[in-house]
Every structure is written in structure tokens, then in C-alpha cells.
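Welcome! Take a look at the structure below, then try the exercises that come after.

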Protein chains: 2
Amino acid sequence: MVTITAKGEARRIALQDAVIRVLENGGPGAVTHRAVAGEAGVPLAAATYYFASIDDLLVSALLRVTEQQVTLFTHLDGRSLTDIAVVLHDWVYLSRASAIAQYELLFLAMRRDGLRAAADLWYRALEDAIVPIVPNPRHARVVALAVDGLILRMLWRGEPGTVPEVEAALRDILQSSLGSP
Amino acid sequence: MVTITAKGEARRIALQDAVIRVLENGGPGAVTHRAVAGEAGVPLAAATYYFASIDDLLVSALLRVTEQQVTLFTHLDGRSLTDIAVVLHDWVYLSRASAIAQYELLFLAMRRDGLRAAADLWYRALEDAIVPIVPNPRHARVVALAVDGLILRMLWRGEPGTVPEVEAALRDILQSSLGSP
DNA sequence: CGTTTTCTGGTACATTTGTACCTATTTTAG
DNA sequence: CTAAAATAGGTACAAATGTACCAGAAAACG
């Protein structure tokens, strides 16, 4: 019978989180069984025990951050623009490792079919979070594209760097498609 | 005295191009001296001779695609929207390796200072190509963000996949900021 | 209780990697 | 033409990596 112990699950999660941290520091190339095990503070065999291949490790860890971000974005329904700016700002700058890992996922998904579903989830969540704010679906799509580009720019340049600046950028993006609200 | 032979330069370029192809197939992790040398059809020692470290190889190859793309985008000045759509479409789908490498560059630039300048070049070229089309600078910034997001989506999803569809997407993006042309 | 499965932690090994080194050969400069 | 520099191509080796294996501890379960 297949039983899942709580302790085992905790270690699995610890390993997934370690992958994210390794990803932030050294990029996808640095994600090795040994590096992840060391980061998680578990012996090497634990990493190979819970995740047979290095791919399992990547897929699992990146599915995890995707889930986290999807829930983060789906809870933005009735929020104000300032609240959204705070969420975006905190995600990019305070959870930078997750944010970077998230986009590394998108690129891995270009090559690995196992990640397609996760990447799709991300795109859908982004659009779903925007649709209630921008009723016109065609405009919503454009806004989603611009927000995607904005996140990339924040990750790379560090600007806009403050919550008010992020809010201003979001306002600029939305204003261009709010001619008929 | 430092002399640069034409033959040597040709091999250097062949190696840079090989990096791009390896990057497309296997991602950054697959870029090894041996893989690149094999892809370029030169012995291993040639790769280590022209590029001391693997980092030199990456930086050099990615600077190359950046240059190519920058010249591609800066020549769009007076072109029609259809022409721009063709350029974008062909770049993403026909030079897919270059396009992917280009974005891998942006991610590597998050971690390596040696790539900051190249990544900056790319962002600047994208904005400079848009400014003549969208006079209002604030709107131009939003359009640049949306185009960036559009490229990402094309790379990942393969849609919009045809030139007319790309043109339609561009038109949607521009329309939102063309209230006063 | 015992036993069956799950987990732990350690070690070993073949493979791949970066890199250094060496000797011919070709190209350039004077 | 000659000497020097640049390039070519081969090989060797230490380090790192994925992965398999094993014996013992802990937990689950009848």
C-alpha cells in the first residue's frame, strides 16, 4: 500500500523550496542533487530518494511556485489598484526567488512537455486576474501582455521599484484601455 | 603584436552560432565546451582556445544575437505595420534559436554583471523602435511592455502564429494608445 | 506484538565536465 | 626567405555529477 508520512512530505517540500533558492542564486544550471540537498540540509540520498531524476526535482519545485502564485493572483478580485501594486511589488522584490523561478519555468516549458501544463496555468491565472478589471476581452489581453512585460522589466531592471511607482505603471497600462469602461 | 586572422575570426563566429543552436535545443545547461565544439564541427581544443571559460562563450554568443536583433529593430523606422509584423513573426518563428537565446540572455543578466550592458541594449532598441510610431512617450513605454509580453507569448505558445495574426495583435496593442495620433 | 513498508544516511562508481598541456601546421611580419 | 606569432588538433586528468546500492532506523499496520 502507498502511505505518505507527514515527515516525508515535509522533507519533500523542504527540497522543493531549496530548489527555488538554488535557482535564484545560480540559475537552472546550478540545480544539482547535491546543491539542493545541501541547501535543504538533508543528505544527498534524500534528494535522490524523493526525486528520482533532476527533472522531477525541477518540475515539482516549479509546479509549487506556480501554485503559490496562482492563488496569490486569483485573490485579487475586488481589490484596489494600490493593493494589486503591493502584491506585485512584494512578489517581485520580496519573493524574488519565486518570481525568477516562475519565469525560468516558462522557458523550460518551451523545451519540456512536462511543464506545459504549469506554464499554461500561470498565463491563465494572469489573464483571469485581469479580466474582472478590464471588461473588454481584447483590451484585457493587451493589458495581460503589458503586465507580463512589466514584471519582466521589474525583475531585470529593478524599476519601477516602489509601490507607488508600480501603481503608476499599472495605471498607465490600464489607462490606455479604459476609454470606454 | 596582436593579429586577427580572417580564418580565426570565422571560427570564432562559427562557435558563437553553435552556442545559439545548443541553447535552443538544450537550454543554458547544455552549453558545454564539448557540445558547442561538436555542434560547430571543430575539435574541443578550438572552443577552449577561442573562449577561455564557458562564461566567455555565453557572453560572446549572446552579445552577438543582441547585435543582430538590435540592427533588425532599428531598421524599422518608416515601415508599415505589416512589415513590422513580418519582421517580428520571422524573428520569433524562423530565427527561434536567436529569439530564445535573446531571452535567456535577459535572465542570465539578472545574475551576471557582464551581461547587463547587452540586456540594456536590447531594451533600449525595443523602445527606440517604438518611439517613432507612438509619439507619446508614456504610451510608448506601455506599448514596449506589451510587445515584450507578446514576444514571450509567441515564443511559448506559438500564437499569434501567422503574420496577419501578429499584425492584428500589434494593432490591438497600438490602438489602445492611438487615441490622438 | 511482529512484520512489512517507508525512510534514513552513507558510500561507491561510471560518466561528463572544465581545463591544462603538448606538438605540428599555418599564417603573418619584417 | 626567415622568425615569430597564431592556430590546429590531440590527449590527459582532477573535479563534479547522476545514479545505484546497501544496511539500519522509524513508522505503519495487521
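This is a predicted model: local features need pLDDT of at least 70, side-chain atom pairs count only at pLDDT 80 or more; totals for chains, interfaces and linings use all residues.

Residues are numbered from 1 along each chain as its sequence is written, while chains are lettered from A and ligands numbered from 1 in the order in which they are written.

**Exercise 1.** Find how chain A can be laid on chain B.

Step 1: Superpose the copies by least squares on the C-alpha atoms of residues with pLDDT of at least 70 in both.
Step 2: Look along chain A for the residue closest to the rotation axis: A:Ala146, whose C-alpha is at 1.8 Å.

**Exercise 2.** Describe the side of chain A that touches chain B.

Step 1: Count contacts (C-beta atoms, placed from the backbone, within 7 Å). Here 29 residues of chain A are in contact with 29 residues of chain B.
Step 2: Sort the residues on chain A's side: 16 are nonpolar, seven polar and six charged. Ala, Val, Leu, Ile, Met, Phe, Trp, Tyr, Cys and Pro count as nonpolar, Asp, Glu, Lys and Arg as charged, and the others, Gly among them, as polar.
Step 3: Compare the copies: 100% of chain A's interface residues are also interface residues in chain B, so the copies meet through the same surface.

**Exercise 3.** Which residues does B:Ile173 contact, leaving aside neighbours within four places in sequence?

Step 1: From chain A, list A:Val142 and A:Leu145.

Note on methods
Two residues are in contact if their C-beta atoms, placed from the backbone, lie within 7 Å.
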